[in-house]
Amino acid sequence: MNGKPDAVVVGAGPNGLAAALRLAAAGLRVQVVEQADKPGGGMRTEELTRPGYRHDTCSIVHPMAAAAPFFREFDLPSRGVRLLHPEVAYAHPLDGGRAAVSRYSLDETVEGLGVDGPAYRRLFEPLVEHGQDVVDFFLTSELRRPPTRSVAAITHFALNALPNVRWLARRYFETDGAQALIAGAAAHGMLDLARPLTAGLGLVLGMLAHHRGWPLVEGGSQRLADAMVTALEQQGGEVVTGHLVTDLREFDGVPAVLLDTTPRALVQMAGDRVHPGYRRWVSRYGHGPGVFKIDWVLSEPVPWANPEVRRAGTIHVAGTLAETMEGEAAPAAGRITDRPYVLAVQPTVVDPTRAPEGGHVFWAYVHVPHGSDVDMTAAIEAQVERFAPGFRDTILERAVKNAPAMQAWNPNHVGGDISNGEASLRQMLFRPVPRWNTHKTPVPGVYLASAATPPGPAVHGACGDNAARVALREVFGVRQAPPLRPAV
């Protein structure tokens with residue numbers, strides 16, 4: 001790009017790219033600077049094992065990308081991004097060949113839960129009926145205003161979301177299947193499930209399964225990142241990869257700088273331009289457990305004992321509600337357990353393009369104590385083998401990353417924490433510091449646009465989009481952010 005851009009975005013993850021696209025829609029010259037050798041952040045796809053086998057290195061299932069306001073406006077089909085929906089959104093296997101499953105259809109899910117079906121409908125139907133309003137309320141700046149639409153649904157959500165998921169599961173359900181099903185969804189939050197707000201994540205993800213589904217991107221999550229980069233380049237923007245930013249003075253003279261980084265990276269890059277009070281608050285911003293991840297090449301699909309699990313995109317391998325809670329309590333307390341909660345995805349069930357003909361890939365991670373370098377391979381494979389006898393015999397090759405390796409791969413994953421900060425109640429209300437507008441920083445013209453700001457982690461683009469709207473208003477005097485430009 002000749003001359004200085006109007007705005008620079010540091011970090012080419014989903015939030016950074018979303019911010020760049022919103023700024024470019026206003027006619028600004030935008031440059032994105034990324035440390036890695038290719039853009040995408042957590043949306044990268046790589047051949048980690050064998051040629052032709054595509055593994056998503058972090059994010060893989062995208063219910064928020066299907067539902068979020070930013071990506072609805074971006075219009076994925078027009079960009080050549082195809083979302084594939086498995087027959088079963090997610091499954092939770094239990095001993096004895098049993099399983100609880102969540103399908104796209106609320107009615108079919110209710111029918112499959114037996115005696116707990118009516119209670120499941122009572123819990124989720126109000127949310128599903130107003131799903132888009134609920135999603136939009138929590139992903140946009142409307143969260144700071146009293147709700148004017150779907151008040152009953154949002155109130156229903158709030159009353160059930162604030163406690164922990166054990167309270168919610170036992171309040172509504174009698175069977176171990178339904179209780180485990182909602183606990184498995186809640187455990188995506190990487191929190192001790194006895195803590196407040198864990199019920200809320202179970203509700204959101206459970207609702208999304210029936211509202212927009214839990215799809216995968218055909219060909220890998222990189223396709224979504226690449227489509228965002230292409231759209232930016234078509235508007236005159238550029239993405240520079242392989243460039244590490246260590247000092248914000250590099251961008252002196254650029255009116256707006258947006259950071260898809262951790263809060264501590266902001267403080268380090270800004271140096272003495274950040275006052276001591278803000279620096280102290282950032283030092284208190286906590287990162288949660290890390291992850292240990294495995295990508296496998298398999299000779300055949302995972303031989304789950306329950307046939308419905310074989311049709312699922314996502315599988316929560318954890319046993320009962322009590323086992324799931326213990327599996328998540330251990331890493332939160334700095335302990336290792338030999339029966340961890342395993343979050344697994346079998347992409348080739350719905351997307352055969354991820355592997356050569358007849359081949360299969362399998363993806364999973366477990367939560368571990370923050371920064372732990374423990375090898376969880378044996379524990380993960382034992383948990384899968386427990387519900388899929390013969391699984392070990394299907395393994396041809398594996399690639400593993402412990403928590404420190406996850407941070408080395410993506411600096412936003414501090415200690416292996418892929419959420420860019422613990423998603424606790426306090427840190428979701430004040431993320432990352434207690435300010436009315438947490439995208440603003442003490443440095444004029446510099447804004448935080450990462451998952452360390454509201455509404456927090458997931459591939460929804462909302463953190464970057466919201467930060468870009470603030471920058472447009474404050475730096476460029478654009479009161480109403482323009483719509484994204486359509487695909488060329």
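How many salt bridges does the count come to? The count comes to 23 salt bridges, a salt bridge being a side-chain nitrogen of Lys or Arg within 4 Å of a carboxyl oxygen of Asp or Glu. This is a predicted model, in which local features need pLDDT of at least 70 and side-chain atom pairs count only at pLDDT 80 or more, while totals for chains, interfaces and linings use all residues. Residues are numbered from 1 along each chain as its sequence is written, and side-chain values use heavy atoms, with hydrogens and water left out.

**Salt bridges**

- The side chains of Arg50 and Glu397 form a salt bridge with an N to O distance of 2.8 Å.
- This pair links distant parts of the chain, 347 residues apart: Arg50 is in the loop between strand S3 (45-46) and strand S4 (55-56), and Glu397 is in strand S15 (residues 395-401). Helices (H or I, at least four residues) and strands (E, at least two) are DSSP runs, numbered from the N terminus.
- Arg50 counts as partly exposed at 29% relative accessibility, and Glu397 is partly exposed with a relative accessible area of 28%. Buried means under 20% relative accessible area, exposed over 50%, and partly exposed in between (1.4 Å probe, protein chains only).
- Arg339 and Glu323 form a salt bridge whose closest N and O atoms are 3.0 Å apart.
- Arg339 lies in the loop between helix H14 (321-332) and strand S13 (342-345), and Glu323 lies in helix H14, 16 residues apart.
- Arg339 is partly exposed, with a relative accessible area of 42%; Glu323 is partly exposed as well, at 21%.
- Asp351 forms a salt bridge with Arg354, with the closest N and O atoms 2.9 Å apart, and both Asp351 and Arg354 are buried.

**Nonpolar cores**

- The largest nonpolar core has 61 residues, and Tyr120, Phe124 and Leu208 have the most contacts inside it. A nonpolar core is a set of buried Ala, Val, Leu, Ile, Met, Phe, Trp, Tyr and Cys residues joined through side-chain atoms within 4.5 Å.
- Helix H10 (residues 198-211) gives the largest share of this core, seven residues.
- A second, separate core has 41 residues, including Leu21, Leu28, Tyr447 and Leu484.
- Leaving aside neighbours within four places in sequence, Leu208 is in contact (heavy atoms within 4.5 Å) with Pro63, Met64, Ala67, Val135, Gly213 and Trp214.
- In soluble globular proteins, nonpolar side chains tend to be buried together.

**Second largest pocket**

- The second largest pocket has a volume of about 180 Å³. On a 1 Å grid over the protein atoms alone, a pocket is an open set of points where a 1.4 Å probe fits, with protein on both sides within 12 Å along at least five of seven lines; lining residues have an atom within 4 Å of a point. Grid points are joined across faces, edges and corners, and a volume is the space filled by probe spheres set on the points.
- Its lining consists of Ala65, Ala66, Phe71, Arg72, Asp75, Leu76, Pro77, Val81, Arg82, Leu83, His85 and Arg212.
- Helix H2 (63-67) and helix H3 (69-74) are the elements that give two or more residues to the lining of this pocket.
- The lining residues divide into seven nonpolar, one polar and four charged. Ala, Val, Leu, Ile, Met, Phe, Trp, Tyr, Cys and Pro count as nonpolar, Asp, Glu, Lys and Arg as charged, and the others, Gly among them, as polar.

- Most residues other than glycine have a negative phi, and most peptide bonds are trans.
- The peptide bond from Arg431 to Pro432 is cis, with omega near 0°; Pro432 is in the loop between helix H17 (425-429) and strand S16 (446-448).
- The bond from Pro454 to Pro455 is cis, with omega near 5°, and Pro455 is in the loop between S16 and helix H18 (462-475).
- Ala458 lies in the loop between S16 and H18; Ala458 has a positive phi, near 125°, and is partly exposed, at 37% relative accessible area.
- Met190 has a positive phi, near 60°, in the loop between helix H9 (176-186) and H10, and is buried at 5% relative accessible area.
- H9 is mostly covered, with 10 of its 11 residues buried, among them Gly177, Gln179, Leu181 and Ile182.
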